[in-house]
Every structure is written in C-alpha cells, then in structure tokens.
Amino acid sequence: KWDNLLLLNPNNILRQIEQKNVSVLFVCSNDLKYAVHAAHLPFLCRLNNTKLVVLKAGSAIEIHSYFGNNNLFMFGFLNSPEIVEFSTQFPEIEPLDVSSLPRTSIKK
C-alpha cells in the first residue's frame, strides 16, 4: 500500500517538497562524503512543512541493500494520513531559526 507513496528519486523528492506534497523525508546525511548534498534540506523542509528525519550513521548501507540502489541517500513519502501518523514516531531535527543565520551581502 505504501509503495505508491514512496519517493526515491532525489530530483522528484525536491520537486514534491516544493509543492508541499511530502510529509516526511529520511536522509542519511551522516553517510554522505560531502555535506553540501544535504545542506539545503533542513531549510527546504522547514519552508514546506515536511518533517525531516536524519538517520544514524551507517544507515545508507541498509537502505542500499533494501532498495537495491547504491546511490540512494534519501527517500520520502507523499502526504497521506497514515504516513503522517507513522512519522510521529521519529524525532524531528531541531527547528531552524532563520534569524540566527549569518547575514551576507553580495558586492559588485
């Protein structure tokens, strides 16, 4: 039943988050070689009311095995009452306080 709610393609996941269609996103950010691949996800999820769950280090190996995809570092679920209920079992990342971000200016 959940197969049609599961998102595995990173580009599709990001598009669906921007359209506010994703209720929860699971990310193996601790297993990424470069943090920049996931640096924008907390802000994007916060803006679009998507719960972000960071999986423990080493989770990528299990996810690769389960889904049969060695490049997978995140997966999400489309909005659904069952998924929203399911996602309450996972701790969310700390809330992002936008006012605490450093201010930058672009010089000509």
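Author: Two strands count as paired if DSSP finds at least two bridges between them. Helices (H or I, at least four residues) and strands (E, at least two) are DSSP runs, numbered from the N terminus. The model is predicted: local features need pLDDT of at least 70, side-chain atom pairs count only at pLDDT 80 or more, and totals for chains, interfaces and linings use all residues. Residues are numbered from 1 along each chain as its sequence is written, and side-chain values use heavy atoms, with hydrogens and water left out.

Reader: How many bridges join strand E2 to E4?

Author: Strand E2 (residues 22-27) runs antiparallel to E4, and 5 bridges join them. Val-24 has Phe-77 of E4 as its bridge partner. Strand E1 (residues 6-7) also pairs with E4 in the antiparallel sense, over 2 bridges. There, Leu-6 has Phe-77 as its bridge partner.

Reader: Is E4 mostly covered or mostly open?

Author: Buried means under 20% relative accessible area, exposed over 50%, and partly exposed in between (1.4 Å probe, protein chains only). In E4 (residues 74-78), 4 of the 5 residues are buried, and the strand is mostly covered.

Reader: Which residues of helix H1 are buried?

Author: In H1 (residues 10-18), the buried residues are Ile-13, Gln-16 and Ile-17. They lie on the same side of H1 because they cover an arc of only 100 degrees around the axis. The arc is that of the directions from the helix axis to the C-beta atoms. Asn-11 and Glu-18, on the other side of H1, are exposed.

Reader: What covers the buried residues of H1?

Author: Contact means heavy atoms within 4.5 Å. The cover includes E1, E2, helix H2 (41-47) and E4.

Reader: How is a pair of aromatic rings described?

Author: By the distance of the centres and the angle of the planes. Rings of Phe, Tyr and Trp (its six-membered ring) pair if their centres lie within 6.5 Å; planes under 30 degrees apart count as stacked, over 60 as edge-to-face and the rest as tilted. By this rule there are 5 aromatic pairs here. Tyr-66 and Phe-67 make an edge-to-face pair, 5.0 Å centre to centre with 85 degrees between the planes. Phe-67 and Phe-75 have ring centres 5.5 Å apart and planes at 55 degrees, so this pair is tilted.

Reader: Which residues form the aromatic cluster?

Author: Phe-26, Tyr-66, Phe-67, Phe-75 and Phe-77 form one cluster. Tyr-66 counts as exposed, at 69% relative accessibility. Phe-67 is partly exposed at 25%, and Phe-75 is buried, with a relative accessible area of 11%.
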